[in-house]
Amino acid sequence: MIKNHVKIAWRNILRSKGYALINIGGLALGMAVSVLILVWVQFELGVDRFYPDTERIYAVWRNSENQGKLTSWDDTPALYAPTLKEEYPEVEETTRVTRWDPQMFSVGANSFYEESSFVDPAFFKIFPFDVVSGDPVTALEDPNAIVLTESVAAKLFPGEDAIGKMVVIEKRLDLMVKSVIRDLPENTNFRYTVFLSFKKLEAMGWADPYWGNNAYRTFVLLREGSDLQAFNDKFSGFTSAHMDTNSITDFLFPMAKLHLHSTFENGVSVGGKIELIRLFGIVAIVILLIACINFINLNTAKSETRAKEVGVRKVSGASRAMLISQFLIEAMLIVFFAATIAVLIVSLSLPSFRDLIGKDLQNPLSQPYFWILSTGLVLVVGLLSGSYPAFLLSAFSPSMVFKTTLTYKRAWVNPREVLVVVLFSIVAILISSLWIIRDQMQFVQNRDLGLNKANLIFHPITDPIRKRKLPFREALLGLNEVSDVSYTFSPLTEIHSSSDAMSWQGKEVEDRTNISRMGSDAGLVKTAGMELLAGRDIDVYSFPNDSNAVIINEKAMEVMGFEEPLGQVIQDGDLSFVVVGVVKDFIMASPFQEVRPVVVFGPKRNLHYIHIRINPEADFGRAMENLAGVFHTFNPDAPFEYSFVDQVHERKFENQRRTSRLMGIFTGLAVVISCMGLLGLAAFMAAKRSKEISVRKVLGASVLGLVGLIASAFTRLVLIGVVIGIPVTWYFMNAWLAGFAYRTVIDWKIFLWTAIAALLLAFVTVSSQAIKAALVNPANLLKNE
């Protein structure tokens, strides 16, 4: 019996190849796209959740109250982690983690720059990454040891075993490789390739014991059975017990939530990347829903032409149960074909999808849950689409079917029309949301940074250059291709230090405003292309006392309440600085955030980078050659590895650009799937009304009028869908934009263009079938009447 049902189902598919192609193709495409999105969503949900003790690992966060508002951050002082472990028996292990700017790593003549991290030995107890050789925990007990990832070990010691060999950092630190670990997996937020012992940082005197210097992240492993809420209640006054302040409270935040829930407002986690994951999870469900709506719509519409087939089968002795099973098996067979094609699409497109999102995603075909969900989907969609013909048509009486033309009572609400409305409501939401996302990204990209980032490069400073700073600077300025240079504390694209403990005249005791630090020796305003509003730039070569000078931006002047900023004194720890200049606000951190108050100090602190402005008229290739020659002269063993300020800044938009690109692709696919369904439905309606169209044509109706007759029924439904979709988009996208400190305003013209686009797509899709039906010779259809 089942074999016979399958054979008949296959014949019906072959008999209507066009409908089958649209049905199977649309459903397969929708299923494949949904699978790809959900594979990515699964990856993001698994970031930093794979450690053996993930449920006991926490990151330290702190809240600071400033003028009635709580600000959250995750930086701690050097003494924080060991003191925490010492004072709380619930704490099993703690580790400090701090990033070290790219430094020059050398083995003989082999040199390159690499970013590294100082960590405690317990780091590898809490986060036990796969080990190739050696024991990283034991290794980092030695201040003069280093742990390398496999790729860095291969770069330093190609074809050799790295264990026991020496690595030189910046020509001044000699460290022995005592362990090699696998490259960190893709699904962790730790991106380090080299690990040094925190004991080395302490031995060099770089770990400032001051409790107000927050430069390190702290992670905690609680003992089994510890209650997080009870511990946080007990732990909240930890900082206050060690500092003369009551404005800071401490709490542990689960590592499992850190990747997706690290956005805090007023001291409470309110989301983060989880919002993006939810968005694309919804998009996956919506695309699958669109494909299923199309499939069900076409399947039920096509089934209406099979009433006489049902009558013949009943007269021949077929029971209702046999007819029900026939329709259900036929629907499931089509869904099975679609699922098979979807698996093929996923297999072929997964490598490109990995490149698109920049993640090494696991192939879902190797995971049991994929096949379980796919089987469930085939059953559900097959049952939903097959139930209408199976239970309705199988109930018809043969005498009623053969006696007259089968008619259906017109319901006040036609389910098929409702599905079309829902379909294009979703399409309208996707199109208008995509427009708003791209508007927001373009709005931020066009934001005035307060800097001229074109023709500006930066390069880390090595020890040999640091010892000969002035001759090196003069050599660079002696090149015709170089217009300006400035040594700086950090790149102009990053903020490496900040403090809420600076003081100035008039500062209120409870004011804990966080001020970002920058540093320069001379010429920063001109080199960076800043706009000087008052005073002058720092220049230690013309004004030797400028080691004690500072320039501030407008935001800093505002939060410090300076009406006459020049000459004001800013105290930072035990150092005092005099304001000599004010510049227009400039953005070093995220362009999506509010402008931060920034102070640029004179070179009392170490300056780790040099910024070089290239003359715009110069030949770029020649300029780089000459710069490389100067760098080689002053440090022949170091590679010339520079970065462009504008390129680094552009990388800050990478996630948003990827989101926009993905939304564009998925919206386009949703529109294609919707139009495929509309095309099939229009073809069915045109075929169903073919004799009516012929009679109208004989009576004098024009082709244009006939096209309008068929198209109007669909465009009306599309317009209703758009009208429903617009307020939904406005509500949710307004909520999305509220998460940006610097955001655009939703333009009403977006909804107008969305409506025009949706109507145009629907009209073109339906008209292709309407024109085809209107051009048929009436004699061919009416000759038997």
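# Notebook: looking around a predicted model

**Entry 1, the whole chain.** I started with contacts: of those in the protein chain with a separation of 6 or more, 78% are between residues 24 or more positions apart. I have to keep in mind that this is a predicted model. Next I looked up the secondary structure and found 27 helices and 25 strands in the protein chain. The chain has 785 residues, and buried ones make up 50% of them.

I went for the largest nonpolar core, which has 84 residues. Leu-27, Ile-37, Ile-287, Phe-353 and Phe-666 are the ones with the most contacts inside it. Several elements give two or more residues to this core, including α11 (274-303), α13 (320-357), α23 (654-688) and α26 (748-774). Which element gives the most to this core? I found that α2 does, with 15 residues.

Leaving out residues up to four places away in sequence, Ile-37 touches Phe-280, Val-283, Ala-284, Ile-287, Phe-353 and Phe-666. Apart from this core lies another one, of 42 residues, and I wrote down Ile-457, Leu-476, Leu-524 and Met-624 as being among them.

Ile-665 sits in helix α23. Is Ile-665 buried or partly exposed? Its relative accessible area is 37%, so Ile-665 counts as partly exposed. I then checked Ile-665 against Leu-434: they are 231 residues apart along the chain, and their C-alpha atoms are separated by 10.0 Å.

Glu-481 has a relative accessible area of 12%, which is why I put it down as buried; the cut-off is under 20%. What does Glu-481 touch, not counting residues up to four places away in sequence? My list reads Arg-613, Ile-614, Asn-615, Ala-618, Arg-622, Ala-623 and Asn-626. I also looked up Asp-619, which is 138 residues from Glu-481 along the chain, and the C-alpha atoms of the two are separated by 7.6 Å.

A reminder to myself: most residues other than glycine have a negative phi. That made me look up two residues here.

Asp-48 has a phi near 55°, a positive value in a residue other than glycine. I found Asp-48 in the loop between α2 (17-45) and β1 (57-66). With a relative accessible area of 3%, Asp-48 is buried.

Asn-266 isn't a glycine either, but its phi is positive, at about 55°. Asn-266 lies in the loop between β12 (263-265) and β13 (268-271). Its relative accessibility is 48%, so I noted Asn-266 as partly exposed.

Rolling a probe the size of a water molecule over the atoms shows where empty space is left. How many cavities of 30 Å³ or more are there? The count comes to six. About 70 Å³ of space lies in the largest cavity.

I looked at what lines that largest cavity, and the residues include Arg-447, Ile-495, Phe-586, Met-588, Gln-593, Glu-594 and Val-598. The lining of the largest cavity divides into seven nonpolar, two polar and three charged residues.

Definitions and conventions: Residues numbered from 1 in each chain as written. Predicted model: local features only at pLDDT ≥ 70, side-chain atom pairs only at ≥ 80, totals over all residues. Heavy atoms only, no water. 1 Å grid on protein atoms, 1.4 Å probe; cavity = no way out; pocket = protein on both sides within 12 Å on 5 of 7 lines; lining within 4 Å. Points joined across faces, edges and corners; volume = space filled by probe spheres on them. Nonpolar A, V, L, I, M, F, W, Y, C, P; charged D, E, K, R; others polar. Helix = DSSP H or I, 4+ residues; strand = E, 2+ residues; numbered from the N terminus. Buried < 20%, exposed > 50% of the residue type's maximum accessible area, 1.4 Å probe, protein only. Core = buried A, V, L, I, M, F, W, Y, C linked by side-chain atoms within 4.5 Å. Contact = heavy atoms within 4.5 Å.
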